[in-house]
Amino acid sequence: MATFSSLPQELKLYSAPVQPIIVRDEADRPQPRLDRDAGSGMSVTVGRIAPDNVLDYRFVALGHNTIRGAAGAAILNAELLVARGYLRK
């Protein structure tokens with residue numbers, strides 16, 4: 001997960017975080033107060049990764065609901081559509 005990158009990072013889109021997934025090794029992370037604004041709110045912080053007998057791994061993921069969720073995702077999708085030529089500026 002720590003090395004994950006995708007098309008928005010390859011295209012260096014303005015709203016795309018450099019690191020879309022940030023993996024934390026501390027036992028008490030992620031925490032909303034400390035990690036919600038990672039990557040200017042556009043990164044997802046993952047921590048407490050552990051083996052699981054049912055789903056291979058279990059972990060806690062934290063993202064900013066407004067910035068990464070509703071508003072930020074819409075803006076990033078629009079930037080991607082413009083970069084790929086589906087929309088004009």
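Analyst: Gladly, and let us begin with charges: Lys and Arg count as positive and Asp and Glu as negative, while His and the chain ends are not counted. On that basis the protein chain has 11 positive and 9 negative charges, and their mean positions are 9 Å apart. Please keep in mind that this is a predicted model.

User: What makes up the protein chain, and which pattern does it follow along the sequence?

Analyst: The protein chain has three helices and three strands. Read in sequence order, they give the pattern α-β-α-β-β-α. The C-alpha atoms fill a box of roughly 45 × 25 × 20 Å along the principal axes.

User: How much of the protein chain is buried, and how much accessible surface does the chain have?

Analyst: Of the 89 residues, 27% are buried. The accessible surface is about 6,400 Å², and carbon and sulfur atoms account for 55% of that area.

User: Why is S43 called buried?

Analyst: The cut-off for buried is under 20% relative accessible area. S43 has a relative accessible area of 1%, so S43 is buried. You will find S43 in the loop between α2 (32–35) and β2 (44–52).

User: What is S43 in contact with, leaving aside its neighbours within four places in sequence?

Analyst: S43 is in contact with P17, Q19, P20, I22, A38, L62 and G63. The S43 side chain also reaches the backbone oxygen of Q19, at 2.6 Å. Polar contacts are pairs of N or O atoms within 3.5 Å, and the 2.6 Å between the S43 side chain and the Q19 oxygen lies within that limit.

User: How do you know that β2 and β3 pair?

Analyst: Two strands pair if at least two bridges are found between them. Six bridges join β2 to β3 (residues 56–62), and the two strands run antiparallel. Therefore the pair meets the definition.

User: Is T45 buried or exposed, and what makes it so?

Analyst: T45, in strand β2, has a relative accessible area of 1% and is therefore buried. Beyond its neighbours within four places in sequence, T45 is in contact with I22, R24, P30, D35, A38, V60, A61 and L62.

User: P30 is in that list. Where is P30, and why is P30 called buried?

Analyst: P30 sits in the loop between β1 (21–23) and α2. Its relative accessible area is 6%, under the 20% limit, so P30 counts as buried. Not counting residues up to four places away in sequence, P30 touches D35, T45, V46, G47, R48, V60 and L62. The C-alpha atoms of P30 and Q19 are separated by 16 Å, with the two residues 11 apart along the chain.

User: Which phi does S40 have, and which phi does R48 have?

Analyst: Both are positive: S40 has a phi of about 60° although it is not a glycine, and R48, also not a glycine, has a phi of about 55°. S40 is in the loop between α2 and β2, whereas R48 is found in strand β2.

User: Why is S40 called exposed, and why is R48 called partly exposed?

Analyst: Exposed means over 50% relative accessible area, and partly exposed covers the range between that and the 20% limit for buried. S40 has 65%, so S40 is exposed. R48 has 38%, which means that R48 is partly exposed.

User: How do you know that L55 counts as exposed?

Analyst: At 64% relative accessibility, L55 is over the 50% cut-off and therefore counts as exposed. L55 is in the loop between β2 and β3. The C-alpha atoms of L55 and R33 are separated by 28 Å, and these residues are 22 apart along the chain.

Note on methods. Residues are numbered from 1 along each chain as its sequence is written. This is a predicted model: local features need pLDDT of at least 70, side-chain atom pairs count only at pLDDT 80 or more; totals for chains, interfaces and linings use all residues. Side-chain values use heavy atoms; hydrogens and water are left out. Helices (H or I, at least four residues) and strands (E, at least two) are DSSP runs, numbered from the N terminus. Buried means under 20% relative accessible area, exposed over 50%, partly exposed in between (1.4 Å probe, protein chains only). Accessible areas come from the Shrake-Rupley method with a 1.4 Å probe; for residues, only the protein chains shown count as cover. The place of a charge is taken as NZ of Lys, CZ of Arg, CG of Asp or CD of Glu. A polar contact is a pair of N or O atoms within 3.5 Å; within protein, one must be able to donate a hydrogen and the other to accept it, and residues adjacent in sequence count only if both atoms are side-chain atoms. Contact means heavy atoms within 4.5 Å.
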